[in-house]
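Student: I have a sequence and a structure open. Can we go through it by question and answer?

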Amino acid sequence: MLFNGQLLAIAVAIFGVWMSTHHDGCRKSLTLPVLGLGGFIFLVSMIGFLGALKKNAILLWIYLILLCMILVAILVFTVLAFIITNNGSGHNVSGLRYKEYQLKDYSSWFLKQLNNTDNWKRLKSCLVKSEDCNNIAKQYKTLKQYKMAKLTPIEAGCCRPPSECGYPVVNASYYDLSFHPVSSNEDCKLYKNSRVVKCYNCDSCKAGVAQYMKTEWRVVAIFNLALFVVLSIIYFVGCCARRNAGRTRQSKV
């Protein structure tokens with residue numbers, strides 16, 4: 001059963017690799033921590049494996065202490081992740097197949113991270129390079145296709161002005177900004193048709209990123225919940241192995 005810890009570590013690493021291949025560089029906030037966790041679990045499981053193999057009580061004690069620290073860390077992170085991702089959801093807009101997002105709906109932790117000037121400058125630069133907005137224009141070449149599109153939260157928030165602005169849509173990459181916005185939303189003034197500007201300075205863009213981060217954190221939290229259960233079973237087996245090693249040592253004395 002202790003050997004299963006190594007298999008579990010490999011599974012965690014595979015999950016981290018899967019996250020890295022499914023998200024671009026702008027949206028990998030939890031990829032490295034997951035990969036690091038997989039590597040640490042593998043290292044700890046090797047200590048436990050050697051301790052069980054040699055019936056070494058000291059190694060098994062080190063293994064159990066480190067595994068207990070991992071369990072506590074996973075539990076704390078999972079609880080915090082569920083609390084942080086509890087707030088925030090999209091708003092349905094008449095005539096659109098996708099939702100729009102408002103930054104104020106999300107947890108204060110997300111707001112602090114996204115309103116940090118340095119953090120957002122780095123994220124904005126990455127989003128511009130990611131070509132997400134340009135890909136919309138390539139994918140939806142007619143106005144009808146664009147209006148029927150199911151945009152992602154980031155596409156909906158960063159690549160177009162909020163619908164409440166009322167700007168007439170010319171095509172997937174161009175809005176008639178000569179029209180006076182019907183809303184006082186500051187995002188209406190910040191949006192530009194320029195490829196490097198779009199709505200990257202808008203709160204709606206930050207909200208789209210927040211929604212993506214919420215989804216990513218929730219997936220990792222659910223994965224960690226399952227990981228916690230499996231590691232708890234392995235921890236129990238490790239306790240039994242340590243007890244047996246102690247008995248063997250006493251019998252030899």
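**A buried lysine, and what surrounds the core**

Tutor: Lys-198 counts as buried, at 3% relative accessibility. Buried means under 20% relative accessible area, exposed over 50% and partly exposed in between, with a 1.4 Å probe and protein chains only. This is a predicted model: local features need pLDDT of at least 70, side-chain atom pairs count only at pLDDT 80 or more, and totals for chains, interfaces and linings use all residues. Residues are numbered from 1 along each chain as its sequence is written, and side-chain values use heavy atoms, with hydrogens and water left out.

Student: Between which two helices does the loop with Lys-198 lie?

Tutor: Helices (H or I, at least four residues) and strands (E, at least two) are DSSP runs, numbered from the N terminus. Lys-198 is not a glycine, yet its phi is positive, about 40°. Most residues other than glycine have a negative phi. The loop with Lys-198 runs between helix H9 (187-190) and helix H10 (203-252).

Student: How many helices and strands does the chain have?

Tutor: Read along the sequence, the pattern is α-α-α-β-β-α-α-α-α-α-β-β-α-α. The count is ten helices and four strands.

Student: What share of the 253 residues counts as buried?

Tutor: The accessible surface, from the Shrake-Rupley method with a 1.4 Å probe, comes to about 13,800 Å². Carbon and sulfur atoms hold 62% of that surface. The buried share of the residues is 40%.

Student: Which residues touch the most other members of the largest nonpolar core?

Tutor: A nonpolar core is a set of buried Ala, Val, Leu, Ile, Met, Phe, Trp, Tyr and Cys residues joined through side-chain atoms within 4.5 Å. The largest one has 39 residues. Those that touch the most other members are Leu-114, Leu-127, Leu-151 and Val-209.

Student: Which helix supplies the largest share of this core?

Tutor: Several helices each give at least two residues, including helix H3 (57-84) and helix H5 (117-129). The largest share is eight residues, and the helix is H10.

Student: Is Glu-155 buried or exposed?

Tutor: Glu-155 sits in helix H8. Leaving aside neighbours within four places in sequence, Glu-155 is in contact (heavy atoms within 4.5 Å) with Asp-132, Ile-136 and Arg-160. A polar atom of the Glu-155 side chain lies 3.0 Å from the backbone nitrogen of Thr-152. Because its relative accessibility is 16%, Glu-155 counts as buried.

How values were computed: A polar contact is a pair of N or O atoms within 3.5 Å; within protein, one must be able to donate a hydrogen and the other to accept it, and residues adjacent in sequence count only if both atoms are side-chain atoms.
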